Every structure is written in structure tokens, then in C-alpha cells.
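I opened this notebook to look up two topics in the structure.

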Amino acid sequence: MIPTNRAKTGNMATSSIRANSADLSTVPSRLRDYYTLTKPEVNLLILMTTSAGYYLASRGTLRIGGLISTLVGTLLVASGTATLNQWSERVWDGQMRRTALRPLPSGRVSSREALIFGTLLSVAGGLYLAIAVNYLSALLAISTLLSYLFIYTPLKRKTPLCTMIGAIPGAMPTLIGWAGAGAPINRQALLLFGVLFLWQFPHFLAIALMYRDDYSRAGYHMLPAFDRDSHFTRGEILLFTLALIAITMLPFSGAGTFYFVGMLLPGLFLLYYVVKLMSSASKISASRLLHASVLYLPVVLIVMMFYRH
């Protein structure tokens, strides 16, 4: 009996060690799943536009500490918004090929965990901005979260106008950065906001064209039902791109000839891919426009920042 008990004890100890090892091995993957919930690729864009707003609103020496605090608070709110958005859309994300493997629809993160995680991030970000930066930046960040989750997200299942509505909270990081620098929201702030607002149409409508069937399968109305040949959507992209190029050519901080040239060249670059999409509605053309828009935005922001006075 004694050898048998020892064998059982040894087997139990071995099993316990293996279980603990398995638990430890899942820690990195769990952390990756939580990190994925925050949509880091989107947050990179948000931090870029927030930084541009802060820098352009600053007068005199740039306050690095203030910039970092503004970015930290904005990142927390943006990460919470992304997590709560995926929590609210988890059922429909599971019906789309491009999102079915996300942590929530795949079951790697539970609905309760995501809700708690997203709420904590959002609350922490709002409080951090209010305490470490100022109340206006916190108010703008929380209003962005609320409008994104409770207006834009439900509208995605009701009307293609969701893109226009969603472009408002999508452009708010510029104003959060501007307010974070302690500057009043003025004409230049609204000009920067307008650039990001208009930029979202060629960017997100290109995505909608690429994944039209996927969105339709999940019941999202990202494109008009009547526009099966995408002529209307491609016309929208062209008009919004022309408006985007025009607004970037408006005088910013009294900039001169080199400013206009610096804005015109990336504008023509983006317009080239829009024209290519007009002649071909293929997913390849939409994908190329998407990538062109990603390259276009930082160049325009850098030009604006270079001519800051």
C-alpha cells in the first residue's frame, strides 16, 4: 500500500506542476489578448493626431510633461473605448471573417472580463486627464467615448450615414490634444479637426469597399444598399478627397508658398489612388487607397507642425 500511495502522491505532484506550467504559459497569450482589445494600431493614429493638436496649440517651448500626460490619458480612454466597442459588437464580430478570431468572439476573453477591463481603462483615462491635464481635455475625451459607443456604433447597423457621424468622434483627438496644451478652441483648431474629419472618408470607405461582403454578412450598413456597383461610394471618396485637399491649402498660421507646395504634393499623391479607384472598383484598388491614406496623413500633419508659429 505504501509504494502505491507514494506513486499516487508523485503523480499528483507532477500533474500539479504541469497545471501550474500551463497556467504560466497562458499568461503571455492572455496579455496579448487584452492588448489586442485596445486596438493598438488605431491607438497609434490617435496618439499621432493628439500630439499634432498639442504641438500646434503650444506657444513657446513645448511642455514635454504636459504632452506625455495628455497622451497617457487619451490612450487610456481610447483603449477603453476600443475594448467596450468590441464588447458591444462581439456577436456580430463573430460573423465576419476579418474579426472572428478577435479575443471576444473566439472566446479567449470573456464578455465580463472585457466589460470590466474597458470600463476601468475609460474611467482611469478620464480621471487622469481631469487631474493631470485639465477638465476640457477630459470632457472632450469622455464625450468622444460616449458618442462613439452610443451613437456611431448602433448606427452601423442602421444607416450608411454612420461613417459621417463616426467621423466626428474620430477627429476629436486633435481637439483633445489642443485642449491639453491649454489653448482655446479657435479657427486653427477647427481647421485641424476638419482635416482629420475629411481624411476619414477615403480611408474608411476604402475599408468598407474591401470588406463589403463581410460587413453585409454581419448586418452592418457601411455602404448604401442601392450602390452595388459602388459608383456612388467612389464618387463620395472623390468629393471628400478634393474637399480634404482644399482645406489643407487654407492658410495655417500665416504659412507661405512652401506650405502650399508641401500640402499639394501629398494631396496629389492621395488623389492619384482615388482616381485609380474611380476607374476600377477592385479590392486591390481600394487596398492601395487605404495604404496611401495612411501615408498621407502623417505627412500633412508634419507640414502643419513645421509651420507652427
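The entries below record each topic in turn.

**Basis.** I worked from a predicted model, in which local features need pLDDT of at least 70 and side-chain atom pairs count only at pLDDT 80 or more, whereas totals for chains, interfaces and linings use all residues. I numbered residues from 1 along each chain as its sequence is written, and my side-chain values use heavy atoms, with hydrogens and water left out.

**Nonpolar cores.** I took a nonpolar core as a set of buried Ala, Val, Leu, Ile, Met, Phe, Trp, Tyr and Cys residues joined through side-chain atoms within 4.5 Å. For burial I used relative accessible area: under 20% is buried, over 50% exposed, and in between partly exposed (1.4 Å probe, protein chains only). The largest nonpolar core holds 69 residues, and Trp-178, Phe-197, Met-222, Ile-237, Leu-244, Leu-289 and Met-304 touch the most other members. I then listed the elements that give two or more residues to this core: α2 (40-57), α3 (64-88), α6 (135-155), α7 (162-180), α8 (187-210), α10 (231-248), α11 (257-279) and α12 (283-306). Helices (H or I, at least four residues) and strands (E, at least two) are DSSP runs, numbered from the N terminus. Helix α8 supplies the largest share of the core, 16 residues.

I looked up Phe-197 next. Leaving aside residues up to four places away in sequence, Phe-197 touches Met-164, Ala-167, Ile-168 and Ala-171 (contact means heavy atoms within 4.5 Å). Another core, of five residues, lies apart from the largest one and includes Leu-37, Leu-104, Val-109 and Ala-114.

**Salt bridges.** I searched the whole structure and found five salt bridges, each a side-chain nitrogen of Lys or Arg within 4 Å of a carboxyl oxygen of Asp or Glu. I followed up these pairs.

- Arg-30 and Glu-113 meet through their side chains at 3.0 Å, N to O. Arg-30 is in helix α1 (residues 2-37) and Glu-113 in helix α5 (residues 111-133), 83 residues apart. Arg-30 is partly exposed at 28% relative accessibility, and Glu-113 is partly exposed at 27%.
- Asp-33 pairs with Arg-108, with the closest N and O atoms 2.9 Å apart. Asp-33 belongs to helix α1 and Arg-108 to the loop between α4 (90-93) and α5, 75 residues apart. Asp-33 counts as buried at 8%, whereas Arg-108 is partly exposed at 36%.
- Lys-156 and Glu-89 form a salt bridge at 3.0 Å, N to O. Lys-156 is in the loop between α6 and α7 and Glu-89 in the loop between α3 and α4, so the pair ties together parts 67 residues apart in sequence. Both Lys-156 and Glu-89 are buried.
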